[in-house]
Amino acid sequence: MLIQLTNQKAAGLIRELEELHLIKVLKGNIVPVKTKLSDKYKGIISKAEGQQLNDHINQMRSEWNGI
């Protein structure tokens, strides 16, 4: 869970919650995990659609290079 504090008073409240053993703060600064675009969009289109897209891109490239 990632929380952005918008008020400094909230930091004190979080410390109090931790002292009451209601929550545990794991890290001070959590950097969002960067996912590769290939992993993010994996499985969005079918293999057939992907092949059609590749064929279309190759056709456009050949038309562009032929001019």
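**View 1. Confidence across the predicted model.** The mean pLDDT of this protein is 86, with 91% of its residues at 70 or more. Which helix has the highest confidence, and which the lowest? Helix H3, residues 47–66, is highest with a mean of 92, while helix H2, residues 37–40, is lowest with a mean of 84. Where pLDDT is low, the predicted coordinates should not be read in detail.

**View 2. Helix H1 and its starting end.** Let us follow helix H1, which runs over residues 8–19 and so holds 12 residues. From first C-alpha to last, helix H1 reaches 18 Å, close to the 16 Å expected at 1.5 Å a residue. Look at the start of H1 to find Asn7: one of its side-chain oxygens comes to within 2.8 Å of the backbone nitrogen of Lys9.

View 3. His21 belongs to the loop between H1 and H2. His21 has its positive value although it is not a glycine. Is His21 buried or exposed? His21 counts as exposed because its relative accessibility is 70%, and the cut-off for exposed is over 50%.

View 4. Which residues make the nonpolar surface patch of about 440 Å²? They are Leu17, Leu20, Leu22, Ile23 and Val25. Leu17 sits in helix H1. With a relative accessibility of 35%, Leu17 counts as partly exposed, because that class lies between the 20% limit for buried and the 50% limit for exposed.

View 5. Arg15 is in helix H1, and its relative accessibility of 52% is why Arg15 counts as exposed. The C-alpha atom of Arg15 is separated by 8.4 Å from that of Val25, 10 residues apart along the chain; Val25 is also one of the residues of the nonpolar patch. The other pair is Lys24 and Ile14, likewise 10 residues apart along the chain, with their C-alpha atoms separated by 9.1 Å. Lys24 is found in the loop between H1 and H2, and Lys24 counts as exposed because its relative accessibility is 68%.

Note on methods. Residues are numbered from 1 along each chain as its sequence is written. This is a predicted model: local features need pLDDT of at least 70, side-chain atom pairs count only at pLDDT 80 or more; totals for chains, interfaces and linings use all residues. Side-chain values use heavy atoms; hydrogens and water are left out. pLDDT is the predictor's confidence in each residue, from 0 to 100. Helices (H or I, at least four residues) and strands (E, at least two) are DSSP runs, numbered from the N terminus. The expected span of a helix is 1.5 Å times one less than its number of residues. A polar contact is a pair of N or O atoms within 3.5 Å; within protein, one must be able to donate a hydrogen and the other to accept it, and residues adjacent in sequence count only if both atoms are side-chain atoms. Patches are made of residues with over 30% relative accessible area and no salt bridge: like charges are joined within 9 Å, nonpolar side chains (Val, Leu, Ile, Met, Phe, Trp, Tyr) within 5 Å. Accessible areas come from the Shrake-Rupley method with a 1.4 Å probe; for residues, only the protein chains shown count as cover. A salt bridge is a side-chain nitrogen of Lys or Arg within 4 Å of a carboxyl oxygen of Asp or Glu. Buried means under 20% relative accessible area, exposed over 50%, partly exposed in between (1.4 Å probe, protein chains only).
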